[in-house]
Amino acid sequence: MADQFDIVVIGAGHAGCEAALAAARMGMRTALVTMNNDRIGYMSCNPAIGGQAKGQLAREIDALGGEMGINTDKSALQYKKLNGSKGPAVRSSRAQCDKVIYSLRMKEVVETQQGLTVLQREVTNLRVCGGKVTGVETNFGEVFPAKKVVVTSGTFMRSIMYCGDSRSEGGRAGDSSANAISGALSSLGFRLIRLKTGTPARLKKGSINFSLLEAQWGDPVPAPFSFYTVPDKSLPQLPCFITHTNQDTHSIIAAAKERSPLFTGAIAGKGPRYCPSIEDKVFRFAERDRHQIFLEPESQFSQEIYANGLSTSLPLDVQERFLRTIRGLERVEISRPGYAVEYDAIDPIVLRHTLECKDVEGLYLAGQINGTSGYEEAGAQGLLAGINAALACMGRGAFILDRAEAYIGVLIDDLVTKGVDEPYRMFTSRCEHRLLLREDNADQRLGQRGRDIGLLSDEKWEVFQHKLADIASLRERARNTWITPKEVEENPDRYSGILVGATRDRLSIADLLRRSEAGFREMGRRNIFPWDEFESSALAPAWIRGFVAETVETEIRYEGYIQREKEHVERLRRQEGRAIPSGFDFRAVKGLSNEAILRLSTVRPETLGQALRISGVTPSAVALVHIHLDRFSEQPERRA
Amino acid sequence: MSPRAYFNEDTIAAPATAPHVAAPVGIIRVSGPQAVRAALCICVGMDGTEFSGSIENRRLYRCRFLDGRGVAFDEGFFVVMRAPGSFTGEDCVELHQHGNPILLSRMMESLVRTGLVRPAERGEFSFRAFRNGKMDLSQAEGVADLISSRTPRGAELALQSIQGCTKNSLENLKKRLVSALAEVEIEIDFSDQGLSRLDYSLWAERLRAWVAEVEKIRKGFLQSGPLRDGFRVAIVGAPNAGKSTLFNQLLGEDRSIVSEWAGTTRDVVRESFLVDGVAFSLSDTAGIRETGEAVEAQGIERSLGEIRSAHAVLLVIDAPAALLRGADEVSRTLSDLESRNFGAKTILVFNKADLLSEEELARGEAVAKSLARPLAVVSAKENKGLESLREQLLLALPPGTEELDAPRIGRTRHCELLGEAAERVGHAVRKVEMGETLPDLLASDLRGALDNLGQITGEVTTDDVLHHIFSEFCIGK
């Protein structure tokens with residue numbers, strides 16, 4: 001009989017690490033079981049965190065007390081803010097990371113976390129008794145009893161890798177697949193679906209002619225991913241490089257079509273439409289004469305370069321030939337071939353918003369097993385699953401974020417409501433209230449929630465409180481610092497580009513913010529706003545001030561839009577609020593069509609709002625459920 | 001009303017024709033699982049024998065109607081429409097009898113005494129139709145309009161809505177908005193993929209056309225308003241100018257078609273009358289008591305709302321008194337009235353003409369001419385000159401009826417929501433014109449507009465909307 005755990009997490013990828021850390025930090029005796037201790041928090045695909053919509057997810061994980069943001073800051077080789085010109089709501093941060101440091105540091109964090117035991121094992125079976133999970137069995141014949149089990153198996157369940165005709169078992173080049181766990185889930189009644197993803201070749205740095213390529217450096221003033229922890233500036237900052245495919249590249253790929261397992265039918269699993277392989281792109285977008293390639297450094301300890309945009313499962317000789325048609329890659333050598341991987345996943349429609357299975361109490365699923373792709377999507381689910389498993393152990397209420405609260409809320413609601421039939425990736429357009437869910441205010445949205453569940457340490461909490469005070473103070477200053485017409489008239493240079501023409505009325509700094517693109521710092525440099533005075537009175541550490549200024553500027557500039565979205569959220573919340581009891585029998589609702597009954601019974605929505613988001617369920621159908629619930633809920637009163 | 005009251009399997013009944021007005025035919029509608037059984041309890045053949053064997057669907061049966069003691073109190077027809085091929089989607093029976101209010105209530109009484117039927121709640125029939133998938137929300141609202149429309153044109157508009165016109169044109173508007181939204185979303189979520197940039201001026205151009213179309217639909221609706229509810233005419237004037245008398249005289253023998261406005265909480269009496277087949281809805285702010293001090297101010301305050309929404313305003317002037325005080329005062333009153341920029345036509349009504357001499361009359365006409373306003377010289381008391389007033393009213397009808405051929409929305413709420421949607425899309429267009437092309441803000445406007453459209457077809461339904469809609473129905477329709 002082995003150790004007894006409150007929570008066992010299966011898999012130590014980006015989901016598993018967040019789940020295990022959250023559970024352990026909340027005081028649970030936790031085990032993190034992985035098939036390979038050297039692959040903890042491993043970046044199996046591109047060496048970067050963040051990007052459109054993913055940056056928001058990473059910030060939210062950090063705001064709640066997760067590890068991804070800090071780990072990114074500890075390993076960042078370059079920070080870049082994307083979508084700077086697309087508006088305040090959709091600015092997203094991306095960091096190129098040193099994948100070796102990323103993984104090693106995450107390994108250190110989980111290994112040194114109190115209450116967390118890291119075990120190199122393969123889980124071969126799940127123990128379930130009376131619809132309730134009781135523990136796991138390993139390939140060494142051990143049984144670990146556990147109150148809750150979180151499965152974060154990534155791409156490893158019954159996974160097969162393809163590169164041309166070459167076909168091998170494994171979830172990642174060099175690592176084996178996990179087959180027994182698939183069978184275990186299957187025998188518990190879960191229907192497994194088959195998905196596919198892919199990764200490009202890694203190139204030898206010395207064989208690339210960088211002098212022909214456009215370098216892309218990071219932002220001069222990097223904005224760290226973590227709200228609460230001082231960023232580590234010891235790493236060298238490195239550039240990425242941009243190049244493009246061309247007609248020659250496309251001809252080679254087109255000619256090799258019948259050698260791609262994607263087209264021969266060898267791969268049945270569905271791949272992501274938004275992240276297609278290069279052969280997919282060439283066939284589906286034949287009219288495009290080139291595709292952009294982004295060359296990213298993998299690590300300062302490695303001579304390998306990641307070729308973003310060239311994910312492929314074509315045979316190695318074809319990969320080499322088409323790569324060498326690309327500018328700068330004329331003499332390139334491949335260190336690792338690109339490949340596609342096909343794996344088992346579970347349609348997340350079987351989950352509650354807590355990520356617990358509806359039909360197996362205590363069993364949680366998170367990450368790619370739920371049909372998502374991406375480190376950030378995985379990390380976010382892992383965190384929520386870990387939190388909820390821990391809360392359930394303690395007998396505390398569920399932790400659910402709604403769609404107006406966080407991208408994480410949108411992500412999970414989409415998964416459990418709409419299900420998945422191709423790998424799911426986060427986009428900002430999936431989110432209804434982007435102006436409220438910005439990167440810069442993730443901590444303001446979620447800091448209190450993180451504190452309430454016990455994931456924000458006192459140190460983090462103090463930094464956060466100071467930041468809030470600074471925001472309030474800066475907002476006040478913006479509203480109460482005035483510029484007179486005389487001052488503008490006498491100092492035309494100072495206001496050039498900020499104010500057009502003379503002004504008749506006095507203006508506040510807030511007015512100026514609304515009228516120009518200049519922010520507090522710029523106005524400080526021009527002696528329009530006493531930025532230095534604010535800085536000297538600020539409570540939070542200096543590296544946070546960029547966030548503070550950005551938040552106040554955005555909230556003042558887009559006040560009208562933000563207000564509208566808030567009103568909309570209020571209206572939706574009134575509707576969302578109505579809970580549908582678990583085990584509710586939709587067949588009892590008079591007037592529902594058979595199709596509506598089928599869909600509602602499959603998803604088993606937890607609220608009316610969720611019911612409304614199920615595809616194929618009409619508002620009329622939801623209105624009927626609502627009416628039924630009204631009657632249902634007041635029956636006891638009638639009897640009284 | 002709580003929706004819970006609607007949720008049951010009872011068999012319900014209610015008059016389908018106006019219950020309190022005598023008419024040649026009166027119809028009671030019964031819906032629910034027991035409808036046929038209940039009908040056969042009270043309907044017997046003309047020879048007094050019970051109906052036996054199966055009753056054919058959708059066939060009129062001549063019959064006598066029995067009261068609770070088995071005594072025939074009326075005769076007529078009944079027709080059975082079985083589920084799901086009926087208005088409510090349930091078994092339905094219609095009982096056609098003589099349209100006497102007393103007979104209608106005896107029929108209801110008789111039905112209820114069978115123990116199989118209860119009187120319907122307000123809106124319950126339509127609710128069942130909605131519940132059984134016979135209509136969507138916008139169609140359901142159309143039924144409410146059909147019921148409450150006061151003119152043939154109003155009924156036509158409502159019918160269009162029922163037939164799904166509203167839904168189809170909204171779907172089209174929505175599709176175009178969704179595609180425009182998608183174009184900005186691409187700019188945001190795929191900006192790193194080196195795709196070609198969006199041409200914002202072309203984008204705005206398409207949306208401008210969208211807004212113009214929505215405005216056309218709204219205009220059509222606003223102009224069709226009078227056709228549905230009657231052209232609104234407000235009577236204003238100083239105390240004792242004779243407003244109330246004029247009000248009563250204008251209604252004259254047409255009072256039989258009075259609308260159901262009376263009894264509302266408004267402090268304004270409103271009645272309808274016809275001129276050459278055109279319905280006018282006359283509001284009499286004189287309904288407010290004119291005794292005591294400060295009455296005039298109060299009267300004007302209350303009538304302001306009426307004046308604002310009127311298509312024409314009758315400014316009633318005590319002619320003898322006005323001539324005594326001079327043309328300037330009339331002019332002042334008029335400009336005071338019109339300064340509020342109502343856009344309604346003002347018709348000067350010189351009342352108490354019976355007290356004027358020929359010479360005074362001529363002077364009065366000269367005053368009206370100098371003010372360039374149509375004039376009607378009447379004596380409300382003696383019922384003289386009203387013909388010319390009616391003619392002036394017809395001349396005051398708003399122009400632009402050609403737009404009426406294509407109105408596609410049948411309801412004020414739709415009109416308001418479309419207005420909001422147009423405003424938000426217009427906002428985005430203006431931003432682009434000013435060179436501000438932040439895609440996330442443009443998207444925010446378009447998403448707001450889409451949400452407005454969704455509220456019309458019921459895709460974004462809230463309790464409020466549902467409750468509001470169903471409480472607006474009259475029962476039995």
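User: Leaving aside neighbours within four places in sequence, which residues is A:I408 in contact with?
Analyst: In this predicted model, A:I408 is in contact with A:L57, A:E60, A:I61, A:L64, A:A380, A:L384 and A:L401, once neighbours within four places in sequence are set aside.

User: And which residues touch the most other members of the largest nonpolar core?
Analyst: A:I408 is one of them, together with A:V149 and A:L363; that core has 117 residues.

User: What lies apart from it?
Analyst: Another core, of 30 residues, is found apart from the largest one; B:L418, B:A422, B:V429 and B:L450 are among its members.

User: Changing topic: how do the axes of α3(A) and α4(A) cross?
Analyst: The axes of α3(A), residues 68–75, and α4(A), residues 99–112, come within 9 Å and cross at roughly 130 degrees. The two helices are therefore oblique to each other.

User: Is that crossing left-handed or right-handed?
Analyst: The crossing of α3(A) and α4(A) is right-handed.

User: Which residues meet there?
Analyst: From α3(A), A:M68, A:I70, A:N71, A:T72, A:K74 and A:S75 meet A:I101, A:Y102, A:R105 and A:M106 of α4(A). By class, this contact has 5 nonpolar, 3 polar and 2 charged residues.

User: Now chain B: why is helix α3 largely enclosed by the rest of the structure?
Analyst: Helix α3 of chain B, residues 124–131, is largely enclosed because 8 of its 8 residues are buried. Among them are B:F125, B:F127 and B:F130, as well as B:E124, B:R128 and B:R131.

Conventions: Residues are numbered from 1 along each chain as its sequence is written. Chains are lettered from A and ligands numbered from 1 in the order in which they are written. This is a predicted model: local features need pLDDT of at least 70, side-chain atom pairs count only at pLDDT 80 or more; totals for chains, interfaces and linings use all residues. Side-chain values use heavy atoms; hydrogens and water are left out. Axes are lines fitted to C-alpha atoms, for helices over the stretch in contact, and angles run from 0 to 180 degrees between N-to-C directions. Helices (H or I, at least four residues) and strands (E, at least two) are DSSP runs, numbered from the N terminus. Angles under 35 degrees count as roughly parallel, over 145 as roughly antiparallel, 65 to 115 as roughly perpendicular and the rest as oblique. A crossing is left-handed if the near helix is turned anticlockwise from the far one by less than a right angle, and right-handed if clockwise. Contact means heavy atoms within 4.5 Å. Ala, Val, Leu, Ile, Met, Phe, Trp, Tyr, Cys and Pro count as nonpolar, Asp, Glu, Lys and Arg as charged, and the others, Gly among them, as polar. A nonpolar core is a set of buried Ala, Val, Leu, Ile, Met, Phe, Trp, Tyr and Cys residues joined through side-chain atoms within 4.5 Å. Buried means under 20% relative accessible area, exposed over 50%, partly exposed in between (1.4 Å probe, protein chains only).
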